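Good morning, and thank you for coming. Please look at the sequence and the structure on the screen while I speak.

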Amino acid sequence: MKKLMLLGGMLGFGIGAIFGRLQEASDSTILWRSCVAALAAGLLMRWWGKLWITNLKDTLAEQARRPQPQLAPAKSANPSNR
């Protein structure tokens, strides 16, 4: 989970910096906007990661509870048994 939050923070900071440069803002404005974007993206990525992991665990638990279909016995490969 920490890795996802760190990834989200880095992505948010990068996106904030890029948009700040495109708007030709001052360096201090770019810095604080990028920090806010990093915080928001990190929190969003943490929320999304928790949701993803929870749903993955639920799906695996459901598959484990479901009865497995029985396989049919294999037919003989001997052509003389027709």
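This is a predicted model: local features need pLDDT of at least 70, side-chain atom pairs count only at pLDDT 80 or more; totals for chains, interfaces and linings use all residues.

Let us begin with Trp47, which is exposed because its relative accessible area is 54%, and the cut-off for exposed is over 50%. This residue belongs to helix α2. Along the chain, Trp47 and Met5 are 42 residues apart, yet their C-alpha atoms are separated by 8.8 Å.

Let me now describe the chain as a whole. What does it contain in the way of helices and strands? There are 2 helices and 0 strands. The chain has 82 residues, and 15% of them are buried. Its exposed surface comes to about 7200 Å², with 66% of that supplied by carbon and sulfur atoms. If we take the contacts between residues at least 6 apart in sequence, 65% of them join residues at least 24 apart.

I turn next to the two helices. In general, a pair of packed helices is described by two quantities, the angle between the axes and the distance between them. Here, helix α1 covers residues 2–22 and helix α2 covers residues 27–65. The two pack at an angle of about 145°, and their axes are 6 Å apart. The crossing of α1 and α2 is right-handed. What kinds of residue form this contact? The contact of α1 with α2 is made up of 14 nonpolar, 8 polar and 3 charged residues.

Between α1 and α2 there is a loop, and Glu24 is found in it. The phi angle of Glu24 is near 55°, which is a positive value in a residue other than glycine. Is Glu24 buried or exposed? Glu24 counts as exposed because its relative accessible area, 72%, is over 50%.

We may now look at particular residues in the helices, starting with Gly9 in helix α1. Gly9 counts as buried because its relative accessibility is 16%, and buried means under 20%. Which residues does Gly9 touch, once neighbours within four places in sequence are left aside? Gly9 is in contact with Ala38, Ala41 and Gly42. Gly9 and Val36 lie 27 residues apart in sequence, and from C-alpha to C-alpha they are 9.4 Å apart in space.

On the other helix, α2, we find Ser34. Ser34 has a relative accessible area of 1%, so this residue is buried. Not counting residues up to four places away in sequence, Ser34 touches Gly12, Phe13, Gly16 and Ala17. For Ala17 there is a further detail: its backbone nitrogen lies 3.0 Å from a polar atom of the Ser34 side chain.

How accessible is Ala37? Its relative accessible area is 25%, so Ala37 is partly exposed, the class that lies between under 20% and over 50%. With residues up to four places away in sequence set aside, Ala37 touches Gly12 and Gly16. Ala37 and Ala17 are 20 residues apart in sequence, and their C-alpha to C-alpha distance is 9.0 Å.

To close, I return to the pair of helices. Helices α1 and α2 pack at about 145°, and their crossing is right-handed. Ser34 is buried, whereas Trp47 is exposed. Thank you for your attention.

Terms used. Residues are numbered from 1 along each chain as its sequence is written. Side-chain values use heavy atoms; hydrogens and water are left out. Axes are lines fitted to C-alpha atoms, for helices over the stretch in contact, and angles run from 0 to 180 degrees between N-to-C directions. Helices (H or I, at least four residues) and strands (E, at least two) are DSSP runs, numbered from the N terminus. A crossing is left-handed if the near helix is turned anticlockwise from the far one by less than a right angle, and right-handed if clockwise. Ala, Val, Leu, Ile, Met, Phe, Trp, Tyr, Cys and Pro count as nonpolar, Asp, Glu, Lys and Arg as charged, and the others, Gly among them, as polar. Buried means under 20% relative accessible area, exposed over 50%, partly exposed in between (1.4 Å probe, protein chains only). A polar contact is a pair of N or O atoms within 3.5 Å; within protein, one must be able to donate a hydrogen and the other to accept it, and residues adjacent in sequence count only if both atoms are side-chain atoms. Contact means heavy atoms within 4.5 Å. Accessible areas come from the Shrake-Rupley method with a 1.4 Å probe; for residues, only the protein chains shown count as cover.
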